[in-house]
Amino acid sequence: MTLTQHVRNGWYLGAWSDEIGRTLKQRWITDIPVCFYRLPDQTVTAVEDRCPHRKYPLSLGHLDDDGTLQCDYHGYRFDGQGVCVGVAEQADRPKAALRRFPLVERDGAIWIWPGDPELADESLLPDTSWLTDPNWTHVHGVVPLKARHMLLLENLLDLTHETFLHPTSIGNAAVAATPIDVTVDGDRVGFSRRMIGIEAPPFYEKSCGLTSPVDRWQDGDFYPPGIFVLNIRVAATGTEEPDGFHMKVLYGMTPGRGNETHDFYALGRDYLIDDQELTKFQHEQQLAVMQEDVDALEAQEIMYATDPGGTAESSIKSDLAALRGRRAVAKMLAREQRAQQDARIPHSRASV
Ligand code: FES
Ligand SMILES: [Fe+2]
């Protein structure tokens, strides 16, 4: 599989709202350097982090109180719309403008569309209202990952790995032993695993006070190319909805530079929302589980990177959601490449 090209016509989690203020923050996204900052009215802005003069990173420049961004190499200055308004004290006023990216700031997350701005469609974003719902609480952050984003995607779409990589927290034999139902809706891929009357994994025993046997649901939704939401429900076996403990995990799988990925996460729950000890415990566990994944994916990345010929892979039934996810991303990439080719062909030839 070639996994190193990135879809750009899609939403990615660019930053958490609390990461971006009145300072300049650089983050590579789909191999594009992006400079994030806020204007004086707190509107979040993202521009390509290359000065149109000589490509110096604008994030190494500075932001004036009125929102003017200055490149600190030769002094080009840009207004809040990214238009060059002058060069320091020189009389020259160059015709130059920064590339600005479509953004949506919602529920504490900043989503970025690195591709064609005309195609940016907010309706493609997942529901994140639980991040600000007063009946829920959550923790969030971002972890660096030195592996291509598709490996993270496949990790999340095939949770049988919990049995083997996370046996002391969220995994036990029931995960790998329980088949999934997979649904495909346009580009989106979903899976559902219903584990009934199983032994409670250690994380759920501790964070819900449950004793075995329990029912555990995992319903995953992939919003390609880089968003995944896992809906979790655990309860004493036989408990009917809406009773039970509900959790959600949002992952922003955002390609960075080369084969590096920003592994954004938010873990939320709808019970004991004021229990700070529980929040701390769950956050530590989340980070420990993610580190186990990071270690595995970075080891796997080396094996993919050194096997460019692509030795054939073996697959089993539990790979189905991951294979559908791969296919969805490949289709988006192909569509994007076709559109780029069409745009390059002169009109007279394209219509022949
Ligand atoms: S590189 Fe930015 S002003 Fe010269
Ligand atoms: Fe994992």
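How many nonpolar, polar and charged residues does the lining of the largest cavity have? Hold that thought, everyone. This is a predicted model, where local features need pLDDT of at least 70 and side-chain atom pairs count only at pLDDT 80 or more, while totals for chains, interfaces and linings use all residues. Residues are numbered from 1 along each chain, ligands are numbered from 1 in the order written, and side-chain values use heavy atoms, without hydrogens or water.

Back to the question: 12 nonpolar, 7 polar and 3 charged (Ala, Val, Leu, Ile, Met, Phe, Trp, Tyr, Cys and Pro count as nonpolar, Asp, Glu, Lys and Arg as charged, the others, Gly among them, as polar). Of these 22 lining residues, Glu162, Ile170, Val249, Tyr251 and Gln286 lie nearest the centre. A cavity here is a set of points on a 1 Å grid over the protein atoms alone where a 1.4 Å probe fits but cannot get out, and lining residues have an atom within 4 Å of a point. The helix α5 gives the largest share, 5 residues (helices are DSSP runs of H or I, at least four residues).

His161 has 15% relative accessibility, so it counts as buried (under 20%, with a 1.4 Å probe and protein chains only). His166 is buried too, at 0%.

Terms used. Buried means under 20% relative accessible area, exposed over 50%, partly exposed in between (1.4 Å probe, protein chains only). On a 1 Å grid over the protein atoms alone, a cavity is a set of points where a 1.4 Å probe fits but cannot get out, and a pocket is an open set with protein on both sides within 12 Å along at least five of seven lines; lining residues have an atom within 4 Å of a point. Helices (H or I, at least four residues) and strands (E, at least two) are DSSP runs, numbered from the N terminus.
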